[in-house]
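Please read this briefing alongside the sequence and the coordinates.

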Amino acid sequence: MRFRLLSIILCLGLLFPGIDVSAKKQIKAVVVTGQNNHFWKISSQAFKIMLEDSGLFTVDIAVSPEAGKDMSGFNVDFSQYGVVIVDYNGDMWSDQMKKDFEAYAQNGGGIIFYHAADNSFREWAEYSKMNALGGWGGRNEKDGPYIYWQDGGLVKDMTPGIGGSHGPRHEYLLTNRDSKHPITKGLPAQWMHGTDELYDRMRGPGEIDDLLYTSFSYKEKRGSGREEPLVFSVDYGKARIFHCMLGHAGETLENNPAMQCAGFQTLILRAAEWCATGKVKQKVPADFPTAEKTSFRMDYRQKR
Ligand code: ZN
């Protein structure tokens, strides 16, 4: 009898190779997208492939109506997900969806704000608190201070001016500012990120909880001349929030270096686990970039 049950399970595994027959509980993730000034069809697919390849997650992609269309029927049952990846920069969500998202965060939900998600919803105060720093959309000193790393700490600078800028895409060095956080523990102190935008002069309420990575924004690259906070967690209710300004999506999955970067993928995978559970059990991968050398997973899969 036991043998027959085992056979059935093995057969199911052969028929449906995506199903984990060990019945290990996978974390449910959802990518909220559908409007963006970026290639959201590429980024959402990239997230799905990299997260599901790890065996730790199942990924749904929630696609909003197109820009300008009726948003009232669009909502996500956030409560069924361990982690919500916000890959959205577009029309305002319905009042119900906003309320549900705030409740999800307040009650201890896990959220990843990814790249241009921090461009969204300037007028939604709770959203700005959740992602701590934002850019563009008319942002200025009314939205909060500039925040950057100087002399070993974070500076809040109320100088008037635009919020959000970046120069041409390039490879850049990320420096760890908290080696004890579960997401960064064991990762090198510095590593070279694949060609990407480097967001600078971001402004907002700025309740950064743990600052994880900064990078220097060179004036020669039309940057701020400051060490910019690019990756951090946010203090908001009981939520576990990971804000990642990295990852500008390319036009195709094959030409998408910021997301093909093994460093970016490692951060997302570890952050998604942390958002959902508060812990990170994943080992540091052998292909993690170094301070001297970038490293890429061209197919978004980790070699095992
Ligand atoms: Zn971008």
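In this predicted model, strand 1 and strand 2 (residues 57-63) run parallel to one another and are joined by seven bridges. Within that pairing, Thr33 has Val63 of strand 2 as its bridge partner.

- Strand 1 covers residues 27-33, and because six of its seven residues are buried, the strand is largely enclosed by the rest of the structure.
- In a regular strand the side chains alternate between the two faces of the sheet.

**Fold composition and contacts**
- The chain as a whole contains six helices and eleven strands.
- Of the contacts between residues at least 6 apart in sequence, 69% join residues that are at least 24 apart.

**Overall dimensions**
- The radius of gyration of the chain is 19 Å, which agrees with the value near 19 Å that a compact globule of 304 residues would have.

**Burial, surface and charge**
- Buried residues account for 53% of the 304 residues in the chain.
- The chain exposes about 14100 Å², and carbon and sulfur atoms supply 53% of that area.
- The side chains include 36 positive and 37 negative ones, and the centres of these two sets lie 6 Å apart.

Note on methods: Residues are numbered from 1 along each chain as its sequence is written. This is a predicted model: local features need pLDDT of at least 70, side-chain atom pairs count only at pLDDT 80 or more; totals for chains, interfaces and linings use all residues. Side-chain values use heavy atoms; hydrogens and water are left out. Helices (H or I, at least four residues) and strands (E, at least two) are DSSP runs, numbered from the N terminus. The radius of gyration is taken over C-alpha atoms; the globule rule is 2.2 Å times the number of residues to the power 0.38. Buried means under 20% relative accessible area, exposed over 50%, partly exposed in between (1.4 Å probe, protein chains only). Contact means heavy atoms within 4.5 Å. Accessible areas come from the Shrake-Rupley method with a 1.4 Å probe; for residues, only the protein chains shown count as cover. Lys and Arg count as positive and Asp and Glu as negative; His and the chain ends are not counted. The place of a charge is taken as NZ of Lys, CZ of Arg, CG of Asp or CD of Glu. Two strands pair if DSSP finds at least two bridges between them.
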